[in-house]
Amino acid sequence: MDCLFCKIIEGTIPSKKAYEDDLVLSFYDIDPKAPFHVLIIPKQHIDSAAKITPENSSIVAHIFEVAAKLAKEHDLKDGFRIVTNCGEQGGQTVNHLHFHMLAGRNLGWPPG
Ligand code: AMP
């Protein structure tokens, strides 16, 4: 499958790793939108949040556990934001489920 994030998981495209286990990979976004900006992705290819089912939804809970671990490791005590863009109007550009974790500045609301 021609998927950029699957290639990052395989290691054929390099990334700066923040966390890895059997189920997920976290790496630094190549175009950071905040001083701390990592992506957390499942190793299993899932297109987007629209493809979450009872069979695969446990990965989402695991991703949030990893986010809490990263927040502790990186001392993000002033807060952070987790975002998943889904589909064209949601601003998704890579069709492999990913959660942006952003921190280190005041983040605007609502998003543009
Ligand atoms: P989205 O637009 O929500 O689909 O997010 C895709 C994200 O992937 C964007 O923030 C990009 O900057 C990021 N990105 C694209 N290519 C790479 C790469 N090779 N390494 C790290 N991040 C990437």
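A pocket here is an open set of grid points, on a 1 Å grid over the protein atoms alone, with protein on both sides within 12 Å along at least five of seven lines. A molecule sits in a pocket if more than half of its atoms lie within 2 Å of the pocket's grid points. The model on screen is predicted.

Start by selecting the ligand. The space it takes is the largest pocket. Now show the residues around the ligand: there are 17, and D29, N85, T93, H98 and H100 are the closest. By class, this shell has eight nonpolar, six polar and three charged residues. Colour α1 (4-10) and β2 (24-28); each supplies at least two residues of the shell. The largest share, three residues, is from α1.

A backbone N or O atom of T93 is 2.7 Å from an oxygen atom of the ligand. For G91, a backbone N or O atom lies 3.2 Å from a ligand oxygen atom. At I30, a backbone N or O atom is 3.1 Å from a nitrogen atom of the ligand. The ligand taken alone exposes 500 Å², and the protein buries 86% of that.

Two or more lining residues come from each of α1, β2, β3 (36-42), β4 (81-83) and β5 (99-103).

Last, select R81, V83, N85, G90, G91, W109, P111 and G112, which line the second largest pocket. About 150 Å³ of space lies there.

Technical notes:
Residues numbered from 1 in each chain as written. Predicted model: local features only at pLDDT ≥ 70, side-chain atom pairs only at ≥ 80, totals over all residues. Heavy atoms only, no water. Near = heavy atom within 4 Å. Polar contact = N/O pair within 3.5 Å; in protein donor to acceptor, adjacent residues only side chain to side chain. Areas by Shrake-Rupley, 256 points an atom, 1.4 Å probe, with all protein chains shown as cover. 1 Å grid on protein atoms, 1.4 Å probe; cavity = no way out; pocket = protein on both sides within 12 Å on 5 of 7 lines; lining within 4 Å. Helix = DSSP H or I, 4+ residues; strand = E, 2+ residues; numbered from the N terminus. Nonpolar A, V, L, I, M, F, W, Y, C, P; charged D, E, K, R; others polar. Points joined across faces, edges and corners; volume = space filled by probe spheres on them.
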